[in-house]
Amino acid sequence: QAAAGSSGRGQGSADPLSAFLAWCGRAGVKLNPKVRLSREGAVAGYGMLAAEELEAGEVLVSVPRSALLSQHTSPIRALLQDAQESLQSQSGWVPLLLALLYEYTASNSQWQPYFSLWQDFRSLDHPMFWPEEERTRLLQGTGIPEAVDKDLANIHLEYSSIILPFMESHPNIFDPKLHTLELYKQLVAFVMAYSFQEPLEEEDEDEKGPNPPMMVPVADILNHVANHNANLEYAPQCLRMVTTQPIGKGQEIFNTYGQMANWQLLHMYGFAEPYPGNTNDTADIQMVTVRKAALQRAKSEAQQQLVSEQWDFLCQLEMVGEEGAFVLGWDEVLTEEELSMTLKVLCMSEEEFKEYKEQDGWEDDSEEEENFTLSNEALSKLKTPCKKLLYDSVLLTLESYGSDLKAEQDLLNNKEAYEKLSRREQQALHVRYGQKRILHQLLELVR
């Protein structure tokens, strides 16, 4: 559902897909004859479809590492390597983005047939491209506007403090009039939606940061669903997309972008899965919302003071933070240790808290029976004060949205009304509705 845009870039072949497939042949990309790339029959943009029946374990495409587009395969790789110290950033994406800026605008780039699948990146409809008013109106309460604000601030900072100085020191290769902030922003969205990051070997996980992203032609054409039927495998010489189950003739072949909630899919890829398709969907309760709920039920100044002390103690234990969130899945709380500890501490009397603090937050294992796996069943068995605090926190969270669950349900049930919505309104609706369903399910469990 995040797949490629419309026609070519107005240069090269009138049929960008044919030109791209010819390029794949020259680049050593091997496409299984039992699959085809097409717009017809795909859920969005281009997709990969089974032209014949496929068995589990079949290689759909094999992409040699020489055909990957990365900071290591671009003709300016030596330049990027020499400047790597000055190109370090919070995202870790700057070297790839500079390679993309160069390749996308170079008329002689070997990657032109690859880029021709996207028409000036107009098909990218991430919330970062929505007007701020629309983003706030449609996505209030989902966590996306805050994530986009951070992205935009980082993009501006990266461009002004790293990209521009680098371009100015290489005027024979880069031109700020051509390699603009707007193009940089589009390429950030392109990397968000289409790049792959090779997992680290287990022994490297502690020492190294994540591998930098790279573009993987053909593999990036596959759309995503949670219930996918193919995934990408990494080998020393090539990357292979392999089926994980049998696939019938004419069916679309789906990759997975990871266990992504709908808000993450819309934020990073520009789409969301309609309910109930996304089994990985989540809803957040901001940690400070639980503190607010605890303060609201404190009857006296002394009780409010106790809540503040309990909160500070939880901060010291690194269980909570001002910007953190408790993450709720369909079947369990994904931040179970943090939520369990927070509810317990905020529901303690002054005497219990004093004793607990003296033990530095440790207690006998025998007292920990309710702790840790906070499955839906465990949530329904929480002690009454903990249930009440969680219930109040969910109600406060639901207030942060601009609409209620019933209104969204009515829209989804009314096909005519739903089809009148813009694509952005539809995607935002799927995000809000999934989150609210999870929150309402939690209300029932702790009622």
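How do the residues of the lining of the largest pocket divide into nonpolar, polar and charged? They divide into five nonpolar, nine polar and eight charged. Here Ala, Val, Leu, Ile, Met, Phe, Trp, Tyr, Cys and Pro count as nonpolar, Asp, Glu, Lys and Arg as charged, and the others, Gly among them, as polar.

This is a predicted model, in which local features need pLDDT of at least 70 and side-chain atom pairs count only at pLDDT 80 or more, while totals for chains, interfaces and linings use all residues. Residues are numbered from 1 along each chain as its sequence is written, and side-chain values use heavy atoms, with hydrogens and water left out.

**Pocket and cavities**

The search runs on a 1 Å grid over the protein atoms alone. A cavity is a set of points where a 1.4 Å probe fits but cannot get out. A pocket is an open set with protein on both sides within 12 Å along at least five of seven lines. Lining residues have an atom within 4 Å of a point. Grid points are joined across faces, edges and corners, and a volume is the space filled by probe spheres set on the points.

The largest pocket has a volume of about 670 Å³. It is lined by 22 residues, and the closest to its centre are Thr-142, Gly-143, Glu-146, Asp-284 and Gln-286. Elements giving two or more residues to this lining are H6 (144–168), H8 (262–269), E11 (283–286), H9 (287–297) and H14 (384–399). Helices (H or I, at least four residues) and strands (E, at least two) are DSSP runs, numbered from the N terminus. H6 gives the most to the pocket lining, with four residues.

The whole structure holds three cavities of 30 Å³ or more. The largest cavity has a volume of about 50 Å³. Its lining includes Leu-328, Trp-330, Glu-332, Asn-376 and Leu-445. Helices H13 (376–380) and H17 (423–446) each supply at least two residues of that lining. H17 gives the most, with four residues. By class, the cavity lining has seven nonpolar, three polar and one charged.

Two packed helices are described by the angle between their axes and the distance between the axes. Axes are lines fitted to C-alpha atoms, for helices over the stretch in contact, and angles run from 0 to 180 degrees between N-to-C directions. Contact means heavy atoms within 4.5 Å.

| Helix pair | Angle | Axis distance |
|---|---|---|
| H15 and H17 | roughly 130° | within 10 Å |
| H5 and H17 | about 35° | 9 Å |

H15 covers residues 405–413. H15 and H17 are therefore oblique to each other; angles under 35 degrees count as roughly parallel, over 145 as roughly antiparallel, 65 to 115 as roughly perpendicular and the rest as oblique. In H15, Leu-405, Glu-408, Gln-409, Leu-411 and Leu-412 meet H17 residues including Leu-429, His-430 and Tyr-433. This contact has five nonpolar, three polar and four charged residues.

H5 packs against H17 as well. Glu-134, Arg-137, Leu-138 and Leu-139 of H5 touch Arg-424, Glu-425, Ala-428 and Arg-432 of H17. That contact has three nonpolar, no polar and five charged residues.

**Loops**

The loop between H8 and E11 holds Pro-276. A cis peptide bond joins Tyr-275 and Pro-276, with omega about 5°. Asn-280 lies in the loop between H8 and E11 too. Neighbours within four places in sequence aside, Asn-280 is in contact with Ala-226, Gly-258, Gln-259, Met-260 and Ala-261.

Phe-121 sits in the loop between H4 (112–115) and H5 (132–139). Phe-121 is not a glycine, yet has a positive phi of about 60°.
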